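Subject: Structure handover

Hello,

Here is the structure I promised to pass on. Please open it beside this email.

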Amino acid sequence: MDKQVVSFNLNGEAVRVRCDPFSSLLSLLRDRLGLLGTKAGCGRGECGACTVLLDGLAVNACLVPAGKAEGLNVETIENLSRGGSLHPIQEAFVEKGAVQCGFCTPGMVMSAHALLKSDPAPGREEIRKAISGNLCRCSGYVQIEEAIAAAADKLKD
Amino acid sequence: MIRRNIKAGEGKEGFPGARGFYDPEVWAKVTGRARYGIDLALPGMLQGKILRSPHPHALIRNVDLSRARSLPGVRAVLSGTGLGAKPYGIVFDDENPLALDRVRYIGDEVAAVAAVDEQTALEALQMISVEYEPLSAVFDPEEALLKGAVTLHDDFPGNIAWENRINRGEAEAAFKDADLVVEDTYALPSFHPGYIEPISCIAESEKFDGLTLHTALQSPHIVREILAGVLGLSISRVRVISPVMGGGFGGRVYGNLKLYLLAAFLSRAAGAPVKMQLTREEEFTVGRPMVAAMIKMKMALKEDGTFLARQADIITDNGAYSAQAPWVSKTLSERNDSLYHIPSISTRVRLVYTNKVPTGQYRAYGNQLANFACESLIDRAAGKLGMDPLRLRLKNCIGPGDTSVHGLQIKSCALSRCLQDAADAIGWTERKKGRGYGISAAIHAGGSIVFNPDFRGASARARLELDGRVTIVTGEQDYGQGAHGAFALIAARALSRVPGEINIVSRDTILTPFSIGALGMRQTTIGGRAVQLAAEDLLARIRDCAAELAGEEVVPEGGAFRTSSGRLIEPVGIAAFYCAKTSGLALTGEGRYVPEKSDYDQSGYGNIAVTYSFAAHACEVEIDRETGALTVHRFVAVHDSGRIVNLLTARGQVYGGVAQGLGMACSEGYIFEEGRVANPTFSGYRIPTALDLPSIETLFIQTDDPEGPYGAKGLGEIVQVPTPAAVANAVANALGEPVNELPLTAEKISRLLHGWECAD
Ligand code: FES
Ligand code: FES
């Protein structure tokens with residue numbers, strides 16, 4: 001495939017990479033840029049483990065062609081705990097026991113992040129809808145939902 | 001024996017220090033820094049890919065690798081004949097790393113390639129030409145048992161991979177004398193553990209004798225032995241290092257042995273590390289789901305509801321190769337018999353080869369499959385007797401001090417309390433019109449001791465570090481279920497420390513004591529007990545050393561020691577003193593937990609675990625009579641897993657197990673078309689999403705178990721066992737019709753409602 005330069009803003013920094021614009025944003029992030037926090041569970045938009053924010057919206061990075069990031073803001077899990085302290089969403093995940101194997105966690109946290117940006121006080125149904133594209137096989141989602149509700153409270157103060 | 005009943009969220013958090021603590025790795029996981037198998041890479045690493053059979057059954061006439069070998073970037077290409085490997089297996093040796101002269105299911109491994117990148121490896125696969133001669137295939141286990149059916153393995157005539165008969169008491173007479181006999185046939189498809197991280201590995205073979213395998217396993221020590229055997233290596237030259245595990249649920253006890261073996265062979269041939277990873281589709285089509293089961297069952301009762309006998313004829317679908325399926329079939333055929341007093345049992349179970357995905361294991365070893373049949377049939381009997389299903393169960397419950405019909409020795413047991421509390425919490429006595437209610441109970445081995453009757457227990461080491469912290473070294477495994485956190489809490493309790501001061505080292509066969517691993521609910525009960533003993537042993541040694549350092553008597557005080565003259569001696573000082581005195585050694589403690597030898601005999605009679613955990617689940621459902629759509633409104637799960645180590649993670653285990661059980665009950669399951677998996681995707685297989693689950697209430701009845709560490713018992717597997725039956729019973733209650741097939745999709749329920757079976 002022909003390579004092309006794609007420029008975008010990644011976690012607050014400008015990046016320019018030569019890549020096949022039709023390869024996935026997920027492989028660009030993981031394989032080229034070494035950001036391994038974003039996970040891959042299916043490669044076809046069904047598990048949400050690869051969720052990142054594209055201009056603030058949660059997307060499955062495995063379905064987004066790398067070229068689509070051109071000129072946009074891409075935010076990954078690595079951006080949330082910059083400076084070493086946990087983001088309130090991450091804190092809430094820890095406190096509520098929402099992390100078991102942790103493989104779905106980065107994607108879940110990013111879906112929660114997108115939700116709370118657009119709706120700072122979501123109800124239980126909104127939370128469920130927001131994470132309905134993120135599969136978790138360990139938790140039954142209950143403590144994840146509790147964590148997102150708790151994170152909303154934390155972010156309010 | 002029952003201490004108290006703890007409601008989730010009700011203050012009591014578990015062992016000291018449990019509040020706000022559960023997993024030493026949680027910080028890495030939540031920030032995206034935890035490294036899983038898919039994240040690993042080694043310098044010079046190649047990518048491996050597998051060529052698979054497109055036929056369900058065929059002879060291999062010829063495999064031509066030459067074109068693939070000449071593709072630039074290809075470093076190794078292998079076929080079965082070139083490997084010279086002996087057949088291997090878990091229970092019996094019915095598999096080869098690559099097919100030799102015959103393939104037995106769609107997906108069977110035929111050739112393997114290692115290349116500089118994935119694209120090149122995939123291209124090389126296209127350049128391998130294989131000549132097949134298709135054979136007739138058999139997909140239905142009942143057909144596979146018929147005379148004249150095509151045979152899959154010459155060593156297993158009649159396609160029976162394994163069979164067993166169990167007779168206890170006088171079943172025949174009991175059926176003759178019974179006031180009531182109920183019977184039905186129950187069918188369950190194959191279910192996949194569905195861990196979200198697909199299995200992957202990196203193999204680094206050494207030139208002569210040696211292999212390092214990087215992959216996350218629930219039983220790395222046992223896998224190491226199998227790999228050494230097939231690869232012809234010395235066991236001590238094989239090292240398995242596990243990264244963080246993205247879910248296991250039994251599916252990573254052995255993981256995907258074939259993938260590991262092929263990676264090792266490719267690495268040996270190429271002289272470089274080889275990474276291999278299953279795609280999600282491969283997870284479903286060649287990963288190892290649990291057996292499908294067909295259970296014909298009959299029960300004899302007295303008019304007053306006393307259980308007299310149970311008879312079962314069970315067929316389990318092995319697929320093309322057998323892995324752990326014989327053990328799964330055995331547990332499936334027996335475990336539920338020990339939940340109640342049932343004096344007579346007559347069971348036949350046959351595990352049958354078919355040309356489909358080979359099977360493995362998922363969470364409760366088939367206990368959950370048979371639970372659906374047993375607990376459904378009990379409800380049927382209750383209906384016939386005009387008796388409340390709860391009362392019928394309570395009348396027959398097994399209890400503390402009992403020995404079950406198969407010889408299981410019940411120690412702590414709050415089964416009847418679980419049932420009663422589940423019923424109370426769901427509102428059993430004020431059931432609403434228009435809703436269906438169901439209840440189901442379960443028993444599960446809390447720390448299996450018959451995996452290897454000579455090796456029943458576990459050991460652990462505890463070491464005082466120079467910084468005063470304590471490191472626990474264990475061969476047990478954390479797949480996300482919280483074993484490491486539990487071990488830290490147990491060790492902290494023994495040492496009067498806070499759990500944050502405990503390091504856990506596991507996941508490397510070179511560093512850790514041999515262990516059977518995360519299966520049979522061994523981790524907390526058996527592994528945890530070894531950790532407790534190691535910590536206690538270390539404490540005694542620290543105390544002696546403190547006394548030597550102080551030159552006077554000492555008594556422990558909050559993790560440190562107080563001398564008779566009133567000085568406080570901290571662990572840091574003791575560690576430094578010992579290190580200097582021994583020129584570099586650290587104080588260590590050893591814990592060996594060796595459970596009593598079992599009286600387990602040839603007929604399978606005898607105790608199989610150090611203790612047993614119990615549960616009852618209840619739910620309220622509603623059915624849309626137009627569409628057949630099922631809504632589970634409320635779900636209650638009550639568990640006796642002894643003393644709860646950490647309430648937060650215990651709740652998480654229950655929620656997750658119930659969610660998996662609800663998946664089995666409502667939506668999941670393999671669909672086959674002529675041996676091909678028709679739904680090899682998450683969306684086709686349908687594991688529950690956040691929108692699919694009801695509110696789940698968890699309750700723990702805390703018994704004090706005499707065997708487990710500080711009274712704790714296992715929880716990780718039983719959480720899923722009673723769920724499918726509780727839902728099925730609620731659906732049957734709502735419909736007024738028995739239910740005998742899972743999953744209960746809207747189509748199936750419609751058929752029950754409108755009698756559509758003749759239409760298709
Ligand atoms: S990896 Fe992108 S949705 Fe599963
Ligand atoms: S925590 Fe394991 S998949 Fe969600």
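Below is what was found in it, chain by chain.

First, the ground rules. This is a predicted model, in which local features need pLDDT of at least 70, side-chain atom pairs count only at pLDDT 80 or more, and totals for chains, interfaces and linings use all residues. Residues are numbered from 1 along each chain as its sequence is written, chains are lettered from A and ligands numbered from 1 in the order in which they are written, and side-chain values use heavy atoms, with hydrogens and water left out.

Chain A

Chain A has five helices and five strands. Here helices (H or I, at least four residues) and strands (E, at least two) are DSSP runs, numbered from the N terminus. Their order from the N terminus is β-β-α-β-β-β-α-α-α-α. The radius of gyration is 15 Å, close to the 15 Å that the globule rule gives for 157 residues, so chain A is as compact as a globular protein of that length. That radius is taken over C-alpha atoms, and the rule is 2.2 Å times the number of residues to the power 0.38. The C-alpha trace spans about 45 × 30 × 25 Å along its principal axes.

Of the 157 residues, 59% count as buried. Buried means under 20% relative accessible area, exposed over 50%, and partly exposed in between (1.4 Å probe, protein chains only). The accessible surface of chain A is about 6,100 Å², and 50% of it belongs to carbon and sulfur atoms. These areas come from the Shrake-Rupley method with a 1.4 Å probe; for residues, only the protein chains shown count as cover.

Contacts are next (heavy atoms within 4.5 Å). Among those in chain A between residues at least 6 apart in sequence, 56% join residues at least 24 apart.

One residue to look at is A:Ala150, in helix α5 (residues 142-156) of chain A. A:Ala150 is buried, with a relative accessible area of 17%. Leaving aside neighbours within four places in sequence, A:Ala150 is in contact with A:Ala92 and A:Lys96. A:Glu91 lies 59 residues away along the chain, yet its C-alpha atom is 9.4 Å from that of A:Ala150.

Chain B

Chain B has 20 helices and 29 strands. A compact globule of 760 residues would have a radius of gyration near 27 Å, and the 27 Å of chain B agrees. Its C-alpha atoms fill a box of roughly 85 × 75 × 50 Å, taken along the principal axes. Buried residues make up 64% of the 760. Among contacts between residues at least 6 apart in sequence, 80% join residues at least 24 apart. The accessible surface comes to about 26,200 Å², with 48% belonging to carbon and sulfur atoms.

Now some strands. Two strands pair if DSSP finds at least two bridges between them.

Start with strand β19 (residues 470-474) of chain B. Five of its five residues are buried, so β19(B) is largely enclosed by the rest of the structure. B:Val470, B:Ile472 and B:Thr474 point one way, while B:Thr471 and B:Val473 point the other way. In a regular strand the side chains alternate between the two faces of the sheet.

What does β19(B) pair with? Strand β18 (residues 458-464) of chain B pairs with β19(B) in the antiparallel sense over five bridges. There, B:Arg463 stands opposite B:Thr471. The two strands form a hairpin with five residues between them, and B:Gly468 in the turn has a positive phi of about 90 degrees. Strand β20 (residues 502-505) of chain B pairs with β19(B) in the parallel sense over four bridges. In β20(B), B:Ile504 is the bridge partner of B:Ile472.

Strand β3 (residues 58-64) of chain B is joined to β5 (residues 102-103) by two bridges, running antiparallel. Six bridges join β3(B) to β7 (residues 129-134) of chain B, also antiparallel. B:Asp64 stands opposite B:Ser129 in β7(B).

Further along, three strands form an open antiparallel sheet in the order β21-β22-β23 (chain B). Its edge strands are β21 (554-557) and β23 (568-569), each pairing on one side only.

Finally, see B:Asp379 in helix α11 (residues 367-385) of chain B. B:Asp379 counts as buried, at 17% relative accessibility. Beyond neighbours within four places in sequence, B:Asp379 is in contact with B:Pro389, B:Arg393 and B:Asn729.

Best wishes
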